Amino acid sequence: MNIAVVFGGKSSEHDVSLVSATSIIKNINKEKFNVIMIGITKQGEWFRYSGDIKDIQNDKWIGHDCEKCQFDMTYGSKDLLLFGEEIKRIHVDCVFPVLHGKNGEDGTIQGFLTLCGIPFVGCDMLSSAMSMDKQITNVMADYVGIKQAKWTSCLDIDFDDEFIDMTIAKLGFPIFVKPANAGSSVGVSKAKNREGLINAANLAFTHDRKVVFEEAIVGLEVECAVLGNEAPIASRVGSVIACGEFYDYDSKYINESKIEIPANIDKKVEARIQIAAIEIYKIMGCSGLSRIDFFLTEKNEIYFNELNTIPGFTSISMYPSLFGISGISYSDLITKLIEFALARRI
Ligand SMILES: Nc1ncnc2c1ncn2[C@@H]1O[C@H](COP(=O)(O)OP(=O)(O)O)[C@@H](O)[C@H]1O
Ligand SMILES: [Mg+2]
């Protein structure tokens with residue numbers, strides 16, 4: 001079976017994708033699957049890569065062993081077209097988009113693959129797009145009554161004094177300010193006063209026209225991995241202790257934040273988190289996988305934060321590690337995800 005692993009992309013999380021993809025390509029069950037590597041440059045050019053895996057991680061794959069490629073859009077042809085000296089075709093059974101953030105996790109590639117009739121790993125177009133957008137996610141969580149931070153949101157053109165006053169009155173300081181569609185904490189800041197809020201919003205608006213403002217929740221950051229289609233299962237719960245003031249980009253990828261798997265929390269609280277994770281997974285229409293993140297306060301209150309439909313996926317990342325302790329090895333997890341992709345009707 002030919003599995004196309006797609007990595008890179010025009011997203012602020014390009015580099016994170018390279019690390020996750022390297023790990024997946026190395027660990028995928030080679031007896032079952034033949035990997036076709038597809039790299040997307042930061043400019044958005046697609047190449048079939050056939051060079052050494054070790055050149056992916058540091059983004060040195062571009063410029064050698066590369067052939068320009070694109071999927072045949074004829075529904076159900078499931079062919080990858082390679083533009084070498086002559087046009088060649090390779091059949092693809094399933095795509096594993098290992099792309100985080102914009103153009104990867106937001107429904108765009110999912111919509112495109114649906115149009116082509118090619119099965120792919122992870123959430124479909126609508127659930128990806130909704131989960132990527134923090135305003136829509138918050139609306140959905142409110143809709144089913146899942147507890148979360150108080151929030152407001154606005155478009156750049158509506159960000160005026162009246163909106164700022166309303167937001168401060170509703171949320172109080174500190175306020176978390178985030179682009180509605182980003183990821184890896186890019187453009188996220190914690191504002192402590194009105195001036196800080198305006199600066200934070202202006203930064204967030206450079207990433208997205210729409211920005212979300214949230215009451216700051218003081219608590220442990222806990223994460224639960226969910227796997228499956230119609231009958232999803234929840235993993236144990238893990239926790240993250242950020243080394244910075246919050247879990248920003250640097251604490252995620254540069255400095256060592258502490259990850260605890262499983263989290264040292266009460267079993268009953270853990271069960272409540274698992275139930276909430278599945279409830280969110282279902283209401284958002286997820287399939288395949290998603291990592292659901294929460295805050296756990298000192299009083300054991302659970303606040304939903306966000307869901308990540310293509311969570312970090314290196315062999316030491318939270319998502320695979322949470323299933324690892326439940327007895328599903330990294331390589332088996334990849335197999336299961338491909339099986340869920342093939343089982344879903346597209
Ligand atoms: N409402 C909030 N209260 C407290 N901390 C928050 C809140 N929102 C975000 N944070 C902090 O900012 C980090 C990034 O925000 P998050 O919503 O998870 O965005 P991203 O999609 O970029 O991961 C979180 O991991 C957490 O440390
Ligand atoms: Mg997050």
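Mentor: Begin with a single residue, and keep in mind that the model is predicted.

Trainee: Asn300 sits in the loop between strand 15 (288-296) and strand 16. Asn300 is not a glycine, yet its phi is positive, at about 65°.

Mentor: Lys78 has a positive phi too, near 50°, and is a residue other than glycine. Is Lys78 buried or exposed?

Trainee: Lys78 lies in the loop between strand 4 (66-71) and strand 5 (79-83). The threshold for a buried residue is 20 or more other C-beta atoms within 10 Å. Lys78 has 22 of them, so Lys78 is buried.

Mentor: Now take Asp52. How many C-beta neighbours does Asp52 have inside 10 Å, and how is it classed?

Trainee: Asp52 belongs to the loop between strand 3 (46-49) and helix 2 (54-57). Its C-beta neighbours inside 10 Å number 11, so Asp52 counts as exposed.

Mentor: How far apart in space are Asp52 and Thr309?

Trainee: In sequence, Asp52 and Thr309 are separated by 257 residues. From C-alpha to C-alpha, the distance between Asp52 and Thr309 is 28 Å.

Trainee: Pro174 is in the loop between helix 6 (161-171) and strand 9. The cis bond there has an omega of about -5°, and the residue joined to Pro174 is Phe173.

Mentor: What is omega for the cis bond from Ile261 to Pro262?

Trainee: Pro262 is located in the loop between strand 14 (258-260) and helix 9 (267-283). For the cis bond from Ile261 to Pro262, omega is near -10°.

Mentor: Turn to ligand 1. Which elements give two or more residues to the shell around it?

Trainee: The shell has 18 residues, and Phe176, Glu214, Ile217, Phe246 and Tyr247 come nearest. The elements giving two or more residues are strand 9 (175-179) and strand 16 (302-308).

Mentor: Which domains each give at least three residues to that shell?

Trainee: By class, the shell around ligand 1 holds nine nonpolar, four polar and five charged residues. At least three residues come from each of domain 2 (150-215) and domain 3 (218-343).

Mentor: How many residues of domain 1 are in contact with domain 2?

Trainee: The assignment gives domain 1 (2-120), domain 2 (150-215) and domain 3 (218-343). The C-alpha centres of domain 1 and domain 2 are 35 Å apart. On the domain 2 side five residues take part, and on the domain 1 side eight.

Mentor: How do those residues on the domain 1 side divide by class?

Trainee: The side of domain 1 that touches domain 2 includes one nonpolar residue. The others are three polar and four charged.

Mentor: Last, the whole chain. Why is it called as compact as a globular protein of its length?

Trainee: The chain has 11 helices and 16 strands. For 346 residues the globule rule gives 20 Å, and the chain is as compact as such a protein because its radius of gyration is close to that, at 20 Å.

Mentor: What share of the residues counts as buried?

Trainee: The C-alpha trace spans about 65 × 45 × 35 Å along its principal axes. Of the 346 residues, the share that counts as buried is 44%.

Conventions. Residues numbered from 1 in each chain as written. Chains lettered and ligands numbered in written order. Predicted model: local features only at pLDDT ≥ 70, side-chain atom pairs only at ≥ 80, totals over all residues. Helix = DSSP H or I, 4+ residues; strand = E, 2+ residues; numbered from the N terminus. Rg over C-alpha atoms; globule rule 2.2 N^0.38 Å. Buried ≥ 20, exposed ≤ 12 C-beta atoms within 10 Å, placed from the backbone. Domains from an automatic or database assignment. Contact = placed C-beta atoms within 7 Å. Nonpolar A, V, L, I, M, F, W, Y, C, P; charged D, E, K, R; others polar. Near = placed C-beta within 6 Å.
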